[in-house]
Amino acid sequence: MDAGNLYVESSSLSHGKHRRRSSRDENLDRFIPNRAAMDFDYANYMLSGRKVENKSTSPCSPAKESYRKQLAEIFNMNRTRILSFKNKPPSTLNSLKETSPVSPKLRSPKRCARHISQSSERTLDAPDIVDDYYLNLLDWGVTNTLAIALGNTVYLWDASHGSTSELLSTDDDSGPVTSVKWAPDGRHIAVGFNNSKVQLWDASISTNQPLRILQEGHGGRVGSLDWNNHILTTGSMDSLIINNDVRIRSPIIETYRGHHQEVCGLKWSTSGQQLASGGNDNLINIWSLQSNRRVHCFSDHTSAVKALSWCPFQSNLLASGGGVGDQCIKFWNSNTGLCLNSVNTGSQVSSLLWSRHERELLSSHGFNDNQLILWKYPSMVKLTELHGHTSRVLNMTQSPDGYKVASVGADETLRLWNVFGTPEMSKSKQDAAKAEEPFASFARIR
């Protein structure tokens, strides 16, 4: 083969390669504009000199500048060229949408707005309820049984079946009943009386006699009670707080002296290491179980403090509510002793309950509106107000599953509210099963 033939073959080979490459590319020449990719309206706009930039001398905020850039991007106004030599590559976002559809399982679920009924789910009569702000006459046990003190009698209402039974009745020398509190096992219940005594009853058996009577230590009515496992803490009009170990023969293991008037609120923290007490002297005291000493004394309230509630999702957060002369809900850090926030509710605060499922707080009130208020925490924005009681609300208590609330008022009605949502049946049964064990040792005292 001669040199001429070699040139012809190599030339035709290179020409064949060029044809194959051109068939793959849309643009035949990089110097010839691609008419299909050009925006002639925009080109005419630019060439006619109608592009006007508004140059303001006033400074532009970062938010406004970002908005302008996004607007220019949307309308494709940030282009610097008129001629287009190749088609635009597909948008990354569009290509992702086309090639990688999101699985329905991976999409974040949308939370539906919770419906809160403005009326009580059920209303029961509560005749002869003692209209006294300082008493604690209502409690809901883990076995779904409500205990309520009406005058000299304590009744039990089974919320699962709607049946009512009488636990005890006393005479006028001992009565009226001034406080009730279920033990953690939901079987035993403590009852405080006007004569300074406390009785322990087994609600699971039919008997006319208490298991035990605690009659030493106090010199006035016992208006507040709370349990910390096997320790029953009692607060009295004599300003004393007593820790009773109900497993031993001589139950008094510690006496706290820090109030000057009646103790009307007692609440152990979820850890069981701190006790909050509120009194008619406008004070809140924080006591340490480990040292048996007062670690903090809060004096910011200007009226009696009965409403106390520890936060379930932040162990050192305590909410407190003041009486008619104060009308405030305050939040405290029990570790540092600082007041984190104070909200004026406009009426007497008688009870506080934290939601176990949402960051919400429920408060009950007396004069003047006698309502329940649901607050969003920590913003303390009112989510709703529940009206129904025609006289001041005296007490509130929460169902074992944490969804329903019972309130009793001076209008002699007991009302059930579906405030915190809808219960999960399986979870309720698990909670009830777990709650039956911690207090089994109580049965040894007879």
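Trainee: How much space lies in the largest cavity?
Mentor: About 60 Å³. A cavity is a set of points on a 1 Å grid over the protein atoms alone, where a 1.4 Å probe fits but cannot get out. The volume is the space filled by probe spheres set on the points, which are joined across faces, edges and corners. This is a predicted model: local features need pLDDT of at least 70, and side-chain atom pairs count only at pLDDT 80 or more, but totals for chains, interfaces and linings use all residues. Residues are numbered from 1 along each chain as its sequence is written, and side-chain values use heavy atoms, without hydrogens and water.

Trainee: Which residues line the largest cavity?
Mentor: Lining residues have an atom within 4 Å of a point. Among them are Ser196, Leu214, His218 and Asn244.

Trainee: New topic. How many helices and strands are there in the chain?
Mentor: Five helices and 28 strands. These are DSSP runs: helices are H or I with at least four residues, strands E with at least two.

Trainee: And which residues touch the most other members in the largest nonpolar core?
Mentor: Leu146, Val154, Leu168, Val177, Val191 and Leu414, out of 29 residues. Such a core joins buried (under 20% relative accessible area, 1.4 Å probe, protein chains only) Ala, Val, Leu, Ile, Met, Phe, Trp, Tyr and Cys through side-chain atoms within 4.5 Å.

Trainee: Which strand gives the most to this core?
Mentor: S3, with five residues. Apart from this core lies another, of 15 residues, including Ala307 and Ile373.

Notes:
1 Å grid on protein atoms, 1.4 Å probe; cavity = no way out; pocket = protein on both sides within 12 Å on 5 of 7 lines; lining within 4 Å. Buried < 20%, exposed > 50% of the residue type's maximum accessible area, 1.4 Å probe, protein only.
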